[in-house]
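These are my notebook entries on one structure. I set down each item in the order in which I looked it up.

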Amino acid sequence: MDKKLSIMVVDDEMIIRESFLHWFEKYGHVVGTASSGAEALEKLETFPFEVLFVDIKMPGMDGIELLERVKADYPDTIVIIITAYGSIETAVKAMKMGAADYLLKPFKPEQLSLVMEKVSYQKKLASRYKYLKGRLEQVTRFDNIIGQSPAMEKIFSLIPDIALSDSSILLTGETGTGKELVAKAIHAKSRRANLPFIAINCGAVPDSLLGSELFGHQKGAFTGATHSRKGYLEVVSGGTLFLDEIGEISPPFILAMEEKKITRIGNSQPIEVDFRLISATRKDLEKKIADGSFREDFFYRINVIKTEIPPLRDRKGDIPYLIQHFLEKYSQETTKRVDHVSVQAIKLLKQYDWPGNVRELENAIERAVVLSKSRTLEIKDFSFLQPPTAPFSRTRSLLEMEQEHIRQILEESAWNVTKAAGVLNINRVTLHKKIKRYNLKRNP
């Protein structure tokens, strides 16, 4: 019994609780006790005990009812039933309901040791199963793309097919839907998988910097160029280039995309590059073509294979899976013991429209985990998703309404400018300018 476990003993008799407590502590386990089923549930709410020893006969909530509640809310928790000889039939019933084993009173230390060996072995099997299940999901699915809805199944089935070609791909969809994740999955399944994947947001980098970023420069080409530097198009050669917000790219850069030849700034020698181009946009490029702000011939070059990533409001059945994924992610990253979301909270999250899509949901789960005082997230932990609707006023100007909206999104994003910019569908530079213009400041 090498692994130390967190164990709670639930029994209305103090002498039983104390006996278990001293025995388990002697072997280094973390031990808690409860004198009733109600007290046990309260303690489980704040601490994730791995194993429960539960007396089958207790006043109020008995062991069978407690077992049923624990298995419904915390299915991974192992429950061992403590019973007297005359209650063996009830103990067998408990095992059919999910109890791992039972222990007859009075018991000897060697009997308890045997039960604990079984528990330890069961934990190892469960851990191994979880690892193998995770590995299988990585093989059969794609890293961090979560969903089982028909819309996502269609994306999953499409990825291996389009990954095999070198044709240009255009991913469309609202901000926060996961276009870059899909691009990475396509790259990972392609023959270029072992070569670089580089993502560039065309709307976030000014043209004055984008040239140097894409093409590179020679030493002395401009003030501050103290050494030669390869551009992204040279570094990515052989791999996949992902251009997000392709509608914002300037004409001089389009030529390099078409010819796959670049010239470093400060040099006249052209360099041939080879990359698979995946573009993405949240805008209607055909409208931009109509108003003359996007070249029609370039549109047809990047739009060989078009794939639309659905918004979260159109695949709400995926929300519980996404919640669990982000819950596990941020519970590990923050070392907070938060591993459960109440049924009522899940219902609330499924009713919300998620204008910022998966990214907004991820931000909401992260915030709730960080601020939670319990291991279970409740409706109150997501109260920030239901801001009071301000009454319409004909005297408020458009600028005043924009100022209030930006302030609200910043508060909801805990003043993380990158996240807030994503929800607002603007780049960070623009958001910083608006924060300065409106003199917005974080509340102390």
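How many helices and strands does the protein have? I counted 18 helices and 16 strands. I note at the outset that this is a predicted model.

**Entry 1. Overall form**

I looked up the radius of gyration and found 29 Å for the protein, whereas a compact globule of 444 residues would have a value near 22 Å. I then took the box filled by the C-alpha atoms along the principal axes, and recorded roughly 90 × 60 × 45 Å. Of the 444 residues, I found 44% to be buried. For contacts with a separation of 6 or more, I noted that 69% join residues 24 or more positions apart.

**Entry 2. Surface and charge**

I listed 64 positive and 59 negative side chains. The centres of these two sets lie 4 Å apart.

**Entry 3. Asn357**

Is Asn357 buried or exposed? I found a relative accessible area of 0% for Asn357; because the cut-off for buried is under 20%, Asn357 counts as buried. Asn357 lies in helix H15, which covers residues 357-371. I checked its neighbours, leaving out residues up to four places away in sequence, and found that Asn357 touches Glu174, Thr175, Gly176, Thr177, Pro311 and Leu312. With Leu312 I noted a specific pairing: the side chain of Asn357 reaches the backbone nitrogen of Leu312 at 2.9 Å. I also looked up the backbone of Asn357, where phi is near 60°, a positive value in a residue other than glycine. Most residues other than glycine have a negative phi.

**Entry 4. Further backbone geometry**

I looked up Asn439 next, and found a positive phi of about 55° although Asn439 is not a glycine. Asn439 is found in the segment after helix H18 (428-437). At 53% relative accessibility, Asn439 counts as exposed, whereas Asn357 is buried.

Which two residues does a cis peptide bond join? I found the bond between Lys105 and Pro106, with omega about -5°. Pro106 is found in the loop between strand E5 (101-105) and helix H5 (109-140).

**Entry 5. Helix H8**

I listed the buried residues of helix H8 (residues 207-215) as Leu210, Gly211, Ser212, Leu214 and Phe215. An α-helix has 3.6 residues a turn, so residues three or four places apart point the same way. I noted that H8 is followed by Gly216, whose phi is positive, near 80°.

**Entry 6. Val182 and helix H7**

I found Val182 in helix H7 (residues 179-188). Val182 is buried, with a relative accessible area of 3%. Which residues does Val182 touch, not counting those up to four places away in sequence? I recorded Ile145, Ile155, Ile159, Leu171 and Ile309. Val182 and Ile145 are 37 residues apart along the chain, and I noted 7.4 Å between their C-alpha atoms.

**Entry 7. Ala38 and a distance across the protein**

I placed Ala38 in helix H2 (residues 37-46). With a relative accessibility of 43%, Ala38 counts as partly exposed. I then took the C-alpha to C-alpha distance from Ala38 to Pro206 and found 60 Å, for two residues that are 168 apart in sequence.

Terms used:
Residues are numbered from 1 along each chain as its sequence is written. This is a predicted model: local features need pLDDT of at least 70, side-chain atom pairs count only at pLDDT 80 or more; totals for chains, interfaces and linings use all residues. Side-chain values use heavy atoms; hydrogens and water are left out. Helices (H or I, at least four residues) and strands (E, at least two) are DSSP runs, numbered from the N terminus. The radius of gyration is taken over C-alpha atoms; the globule rule is 2.2 Å times the number of residues to the power 0.38. Buried means under 20% relative accessible area, exposed over 50%, partly exposed in between (1.4 Å probe, protein chains only). Contact means heavy atoms within 4.5 Å. Lys and Arg count as positive and Asp and Glu as negative; His and the chain ends are not counted. The place of a charge is taken as NZ of Lys, CZ of Arg, CG of Asp or CD of Glu. A polar contact is a pair of N or O atoms within 3.5 Å; within protein, one must be able to donate a hydrogen and the other to accept it, and residues adjacent in sequence count only if both atoms are side-chain atoms.
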